[in-house]
Amino acid sequence: MKAVRVHEYGSPEVLRYEDAPRPAPGAGEVLVRVHAAAVNPVDWKIRAGHVKGWLQYTLPMIPGWDFSGVVESVGSDAGSWKPGDEVYGRPDMSRDGAYADYIAVRASEIAFKPKSIDHVHAAAIPLTALTAWQACFDTAKLSAGQRILIHAAAGGVGNFAVQFAKWKGAWVAGTASGRNQEFLRELGVDQPVNYETTRFEEVVHDVDVVLDTMAGDTRSRSWGTLKPGGFLVTLLGRGPLEEAAAHGVRGVGVLVKPNPSQLTEIAELVDSGKLKTFVNAIFPLAEASKAHQLSETGHVRGKIVLKIV
Ligand SMILES: NC(=O)c1ccc[n+]([C@@H]2O[C@H](COP(=O)([O-])OP(=O)(O)OC[C@H]3O[C@@H](n4cnc5c(N)ncnc54)[C@H](OP(=O)(O)O)[C@@H]3O)[C@@H](O)[C@H]2O)c1
């Protein structure tokens, strides 16, 4: 099969489009013909060797943990999946990913893709939508009537977080550059904040939840926007955040996990017209390095997707 592999950590040029062995599904696994794979910041962080401390791979490895495709074959004990099923998922990041014609994944990590959209748009969903869902609902327990500040609201995680928060009945403030202010309004953000002209902590107050997608200075300035007892959930860090107590609030870092029942619920939201997917750029698999360069700018609206079939 064709795949994009990393033989040594480094710049986008280390991504090699080449022949690679086609994986075989083991027990409890299915083989998926990948139709599209999304590009996420973690892909280039891994490629560059930034996260060697917590994710170790045997090189060469295949990046990409966000896909939509069709079940090609089924291993033993793989549940009711059968060839031809159209599925999507965010598989185990410790294994080879989806920048390839085929991926072997655990049957317990996939769900039926939304029926109403194509594979390119479906591939743009699992990793970032699950992250937004798990951060807002499982961790911060965001509920109707609450107020949330979402940083990078136009980005891969942010646009789903905004849509989920509005669907839940929350009030939303969101940050983005001037270029994305109209997009934030289209998403439903109640208080869009242009970080190029406005310090968000001067105009956003008394929120129940902050979704921190940026860390650094953005996180430091976010504590004061929370109500006493509020909750900051960050995607950059793990476990409890010690500095939260000094601000009279709670803070925790989360790491997204595969969750097929949440993916099924998310697919239903898409198919009932309540959730939209925004794809900013589509590249062929052979141009994965260009896709990484674009992702590394940090200014993508929605998602980048590699179209494989
Ligand atoms: N812990 C986890 O499980 C987990 C899961 C997913 C992602 N992450 C991490 O979370 C971060 C966000 O992920 P993502 O996929 O959403 O990234 P992304 O799609 O690449 O984010 C791009 C967005 O960031 C916005 N942005 C850039 N600078 C900003 C600033 N100073 N203030 C507000 N917005 C700004 C951009 O808007 P403008 O163009 O308008 O500036 C753009 O829309 C990444 O570091 C990623 O690795 C962690």
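Trainee: Which residues of helix 3 and helix 8 meet each other?
Mentor: From helix 3 you've got Pro126, Ala129, Leu130, Trp133, Gln134 and Asp138, and they meet Gln262, Leu263, Glu265, Ile266 and Leu269 of helix 8. Contact here is heavy atoms within 4.5 Å, and helices are DSSP runs of H or I with at least four residues, numbered from the N terminus (strands are E, at least two).

Trainee: And what sort of model are we looking at?
Mentor: It's a predicted model, where local features need pLDDT of at least 70 and side-chain atom pairs need 80 or more, while totals for chains, interfaces and linings use all residues. Numbering starts from 1 along each chain as its sequence is written, and side-chain values use heavy atoms, leaving out hydrogens and water.

Trainee: OK, back to helix 3 and helix 8: at what angle do their axes cross?
Mentor: Roughly 105°, with the axes coming within 11 Å; helix 8 is residues 260-271. The axes are lines fitted to C-alpha atoms over the stretch in contact, with angles from 0 to 180 degrees between N-to-C directions. The two helices are therefore roughly perpendicular to each other (65 to 115 degrees; under 35 is roughly parallel, over 145 roughly antiparallel, the rest oblique).

Trainee: How do the residues of that contact divide?
Mentor: Seven are nonpolar, two polar and two charged. Nonpolar covers Ala, Val, Leu, Ile, Met, Phe, Trp, Tyr, Cys and Pro; charged is Asp, Glu, Lys and Arg; the others, Gly among them, are polar.

Trainee: What about helix 3 against helix 4?
Mentor: Helix 3 (residues 126-139) and helix 4 (residues 156-168) have axes that come within 8 Å and cross at roughly 50°, which means helix 3 is oblique to helix 4. Helix 3 brings residues including Thr128, Ala132, Trp133 and Phe137, and helix 4 brings Phe160, Phe164 and Trp167, among others. That contact has ten nonpolar residues, three polar and one charged.

Trainee: What does Thr139 touch?
Mentor: Thr139 lies in helix 3, and beyond residues up to four places away in sequence, Thr139 touches Gln134, Phe231, Val233, Val252 and Val254.

Trainee: Where's the cis peptide bond?
Mentor: Between Leu59 and Pro60, with omega about 0°. Pro60 is in the loop between helix 1 (41-47) and strand 4 (67-74).

Trainee: And what's phi of Asp77?
Mentor: Near 55°, a positive value in a residue other than glycine. You'll find Asp77 in the loop between strand 4 and strand 5 (86-89).
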